[in-house]
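Thanks for coming, everyone. Please take a moment with the sequence and the model on the screen.

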Amino acid sequence: MEPKTAMEKELLKESLYKNRVQDILRKHKGFLSSSYNADVAKEGDDIEVLKKQYSAERKIIDRIISNERSAFLSGLALSGVVFASVRFGPRYLAVKIGGIEKARALKEADDAARKAGTRWIQQGVSFLFEASFGAWAGYRGYTMISSKNVNSYDEIAKIPLCAGRSIVSEKICSEWVDLVHNEISNDFWKNLDEEDCRLKDKGRWTSVLGFADNCIKRKAFEDSYRKQHGMKPEDPVDVPESGVPITNAEQQQQTEK
């Protein structure tokens with residue numbers, strides 16, 4: 001059916017926007033894998049102090065990695081189960097139902113194929129199909145578990161609000177906000193408000209939008225904090241222990257500390 005509204009037209013661009021998000025993540029994958037990187041250290045900086053400033057972010061990233069690892073291992077286990085079921089299940093059931101006569105018939109068929117020199121072809125094709133199907137099932141299982149992992153999405157979106165410093169925010173936020181609020185049409189984001197949301201992965205897109213909005217909150221807080229404390233625009237801000245405040249009232253209280 002031909003899309004009629006601007007929102008429906010934007011739905012067709014979901015894969016394109018997803019690729020743009022992945023481009024940014026690939027570009028900065030080094031910083032995503034570790035919240036502290038020696039590249040942020042300047043001459044004269046205390047490395048231990050830097051690590052402490054990034055420690056809150058490190059804990060968040062560790063939780064995200066742990067969740068993704070669990071999803072990956074579940075997918076791997078599913079892949080093995082499906083492979084074993086497809087490889088041995090049909091023969092087992094045939095023998096179980098058909099009894100000794102069925103087992104004898106299968107053995108005779110195998111012997112005939114072996115004598116004809118075609119048994120290895122049958123085995124190779126069967127193994128290729130079974131392995132491919134098992135791998136597909138494992139991948140689907142991983143993506144389903146990962147996409148349903150609301151905790152990971154929430155954790156990712158909250159990274160810019162963490163206490164201390166955030167290397168992910170420092171390196172990604174500017175580009176991320178530009179993508180979300182300038183490159184991607186507002187009509188695309190309106191789909192998230194629909195009761196019957198037709199986006200393929202609503203949780204992922206909610207996290208993408210939330211991350212961008214929290215980047216803006218962090219920048220606003222850091223700018224206000226620098227102004228309140230007479231800091232230079234390029235000076236890094238060590239956000240207080242409670243993290244970036246959500247409301248304007250909380251922000252005012254934090255910047256005055």
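In which helix do lysine 219 and aspartate 223 both lie? They lie in helix α10, 4 residues apart, which is about one turn of the helix. Helices here are DSSP runs (H or I, at least four residues; strands are E, at least two), numbered from the N terminus.

Some ground rules. This is a predicted model: local features need pLDDT of at least 70, side-chain atom pairs count only at pLDDT 80 or more, and totals for chains, interfaces and linings use all residues. Residues are numbered from 1 along each chain as its sequence is written, and side-chain values use heavy atoms, with hydrogens and water left out.

Back to that pair. Lysine 219 and aspartate 223 form a salt bridge, 2.9 Å from N to O. The term means a side-chain nitrogen of Lys or Arg within 4 Å of a carboxyl oxygen of Asp or Glu. Side chains of opposite charge can pair when their charged atoms come close. By this rule, the count is 13 salt bridges.

Now, exposure. Buried means under 20% relative accessible area, exposed means over 50%, and partly exposed is in between (1.4 Å probe, protein chains only). Lysine 219 is exposed, because its relative accessibility is 52%. Aspartate 223 is partly exposed, at 35%. Salt bridges that share partners join Arg218, Lys219, Glu222, Asp223 and Arg226 into one network.

Next, a second pair in that helix. Glutamate 222 and arginine 218 also form a salt bridge, with the closest N and O atoms 3.1 Å apart. Both lie in helix α10, 4 residues apart.

What does arginine 218 touch, leaving aside residues up to four places away in sequence? Its contacts (heavy atoms within 4.5 Å) include Ile159, Pro160, Ser169, Val239 and Val244.

Over to helix α2, residues 14–27. Arginine 26 and aspartate 23 form a salt bridge there, with the closest N and O atoms 2.7 Å apart. The two are separated by about one helical turn, because they are 3 residues apart in the helix. Aspartate 23 is partly exposed, at 34% relative accessibility.

Last stop: a loop. Aspartate 193 is in the loop between α9 (186–189) and α10 (202–228). Aspartate 193 counts as exposed, because its relative accessibility is 68%.

That's the tour. Over to you.
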